[in-house]
Amino acid sequence: MRSNPHGYIMTCTLAPGGGIRRHVISQSNVFLFLKNDRFQVKLESKCPGATIIPVILSSDKTQVTLFRDKSAYPLYLTIGNIPKEVRRQPSQHAYILLGYLPTTKLEHITNKAAWRRTIGNLFHACVSRIIHPIKVTGLTGAPMMSGDGAIRRVHPLLALYIGDYPEQILVAGVKKGDCPTCPATKDELDSDEGHDYRDMDAVLEALDLADGPDVAVFVRECKRLGIKPLATPFWRDLPYVHIFRSISPDVLHQLFQGVIKYIILWIKQAYTPAEIDARCRRLPPNHHIRLFMKGITSLSRLSGHEHNQICRILLGLIVDLRLPDNQSPVRLIQAVRAVLDALYLSQYPLHSDETLEVFEDAINRFDDNKQIFIDLGIRFHFNINKFHYLRRHYINAIKLYGTTDNYNTEYTERLHIDLVKDAYRSTNRKDEYPQMTLWLERKEKIFRHETFLRWKFAGAPSPATWHPPQITERRHLQMTRYPSRKRVPLTELAMQYGAKLIREALVAYFIQLDNPGHLTRRQIELAAESWHLPFQSVAVYHKIKFWNQDSQGFSGKTQTLDAVHVKPSYKNKRGQIVPGRFDTVLIKVKNDADGVNGIHYPRCLIINAHILPGLRVAQVRAVFSIPKLATASRLHRGTSVPTHLAYIELFSPFPPQPDRHHGMYRIKRCFDHGQRSVAIVPVTEIERSAHLFPIFGPVAPREWSASTVLEQCLTFYVNLWSDRHAYITIR
Ligand SMILES: [Zn+2]
């Protein structure tokens with residue numbers, strides 16, 4: 001057991017009255033934080049002026065970290081007052097290791113029931129001992145200095161317990177197969193009946209019977225309530241605790257490794273695996289998309305990350321596939337679409353009443369359509385705890401504890417490396433636990449002192465004002481300082497890059513740039529007759545990158561959020577030809593007289609979201625900048641040419657409505673007098689990359705490939721699953 005450092009509070013922003021409270025933006029409730037309300041109300045009536053520290057515990061038994069032949073079972077702690085952007089960065093040390101729980105297998109106990117009972121009691125006894133200090137402090141409070149220098153009376157109260165399913169049932173003390181949160185047993189998981197939570201008061205009363213004269217009464221009462229007859233669960237004496245409500249959803253294990261894993265399995269059973277794999281190999285490349293060149297049906301033991309990758313292409317693989325016996329695939333498509341919606345919405349970094357309504361609608365749509373899996377003979381029932389948890393408990397949990405990125409098991413899994421493996425390496429491998437804890441304690445002290453010094457040397461600034469996170473990262477486009485190729489003749493752009501109409505397009509662009517009013521097509525054609533390009537080559541860029549604008553300074557670094565590749569084929573060092581890649585993008589368009597019609601930002605679901613005027617898909621053939629002085633003599637004084645331009649081939653505007661069943665927009669290439677419609681646009685008009693699903697028809701043409709499909713296929717659906725930004729922009 002180790003000391004609990006208070007240093008982190010320095011980085012927290014505290015609302016007046018103490019604690020980070022619910023923020024209300026616009027007219028809607030926005031759910032970002034662990035809300036203190038339910039504790040606050042109870043505490044305020046007894047001892048006014050309390051500041052709540054929502055304690056978040058996390059343990060991970062199934063992912064025990066192995067060092068040599070030894071394993072460790074760490075218990076972590078963090079607090080809800082720390083903004084989640086800080087909490088999820090290991091470098092900020094927002095999680096601390098509270099202690100290592102015993103990993104003994106208790107092999108000397110041969111009776112299975114007795115063994116299970118002992119394991120449970122051992123776990124609860126250990127956790128109970130470790131968190132003992134908060135039992136008293138939670139009730140009486142303790143003075144602690146907060147980021148603004150004020151001394152507050154803080155009450156640490158257990159708010160959440162993060163863990164995967166085996167951990168959840170161990171903590172809640174319920175039987176395997178049952179729901180740890182509500183009274184649903186394993187045969188009732190698909191039912192809509194029942195309460196949202198187990199009855200905490202009744203459970204506590206039943207546990208009191210353990211000290212009574214008749215043990216049989218205690219066991220019977222526990223059985224009736226569906227909990228195990230635990231001697232002393234660690235939460236029994238914690239103030240204001242409701243352990244069943246504190247079990248957090250777990251996106252990684254419940255959704256990616258649960259719901260999505262099932263859906264992929266059922267899809268493999270519904271359709272011909274060979275055809276699904278054939279489609280996987282024929283999707284165009286994109287920054288966000290992993291191309292499964294061997295298909296997905298033969299893969300086994302997939303990680304959460306791989307399931308995430310498959311979700312991005314799943315609907316595109318099955319959208320026009322036929323079911324056996326000519327059954328209608330509509331319900332299956334709608335069920336898959338609903339699950340994907342629920343998956344994406346469950347991971348929003350902020351929610352409002354409206355987005356939670358959309359989330360609920362997605363869950364209901366799945367319920368309305370899931371019967372198809374039974375009709376196809378793939379399933380007999382849906383009593384699956386992962387589906388149950390999503391349907392019954394996610395929305396309530398978000399309302400109570402904020403968005404799911406507040407309680408993500410992925411973060412703690414990452415901690416194993418720092419807090420377990422590195423710590424072990426520092427020991428002499430003999431009686432390692434005391435050495436490991438001492439090593440970690442020293443490291444934490446050094447970190448705290450270092451943070452303090454940095455703050456002091458910076459002139460002791462007051463805590464930064466906290467801004468609510470954006471629904472997606474702010475992105476900004478930045479071109480490299482030097483081009484990929486300095487001088488590429490226009491003829492080469494036409495031949496190698498496929499920018500066939502580069503000269504005509506440039507002339508038309510310059511004429512329009514020089515005459516900002518609206519010119520008719522005929523006027524442009526006339527003017528073009530006497531216009532000659534004053535240059536024959538341009539500097540070419542093979543990549544456009546979008547970076548993360550770290551406006552809040554939490555991560556302290558930038559990352560590539562998106563990239564667009566515009567590169568012709570070339571020979572690599574081994575003499576093999578690497579195919580060219582000309583990515584598709586979304587470009588911003590205005591509603592102009594030609595009826596260029598982009599999609600409009602759909603029902604403004606997200607407050608603060610950037611509202612786009614209109615978007616259209618295009619394929620980029622070349623990105624270039626023209627010699628600065630070359631055009632000066634040809635253009636009016638004061639007309640400036642954007643630094644970076646792109647030659648694009650246009651696709652048809654988004655139709656007014658997406659498909660009614662799968663909700664994707666269908667588009668095709670645009671032609672003008674038998675030639676592809678092209679345009680020159682400033683690179684700044686490119687909003688982001690866009691991934692397209694080719695419409696394959698019942699059988700994907702085998703002559704198509706990932707590198708040629710954009711040329712060979714004529715119609716596409718716009719992929720809205722490639723990343724969250726795409727989902728929010730296109731849905
Ligand atoms: Zn439940």
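Start with the hairpin that β7 and β8 make, with 5 residues between the two strands. Click on Gly149 in the turn: its phi is positive, about 90°. Keep in mind that you're looking at a predicted model.

Next, select residues 142–145, which is β7, and show its pairing with β8: the two are antiparallel, with 4 bridges. For a landmark, pick Ala142 and look across to Val154 in β8, which stands opposite.

Now highlight β8 itself, residues 151–162. Is this strand mostly covered or mostly exposed? It's mostly covered, with 10 of its 12 residues buried.

β8 has another partner to visit. Select residues 51–59, strand β3, and you'll find it pairing with β8 in the parallel sense over 8 bridges. Zoom in on Pro54 here; its bridge partner in β8 is Leu157.

Time to jump along the chain. Select β21, β27 and β26, and you have an open sheet of 3 strands in that order, with antiparallel pairing. Which strands stand at the edges? They are β21 (666–668) and β26 (692–694); each has a single partner strand, so one side of each is left without a neighbour in the sheet.

Last stop: β21 alongside β27 (residues 715–718). These two run antiparallel and are joined by 3 bridges.

Technical notes: Residues numbered from 1 in each chain as written. Predicted model: local features only at pLDDT ≥ 70, side-chain atom pairs only at ≥ 80, totals over all residues. Pairing = 2+ DSSP bridges. Buried ≥ 20, exposed ≤ 12 C-beta atoms within 10 Å, placed from the backbone.
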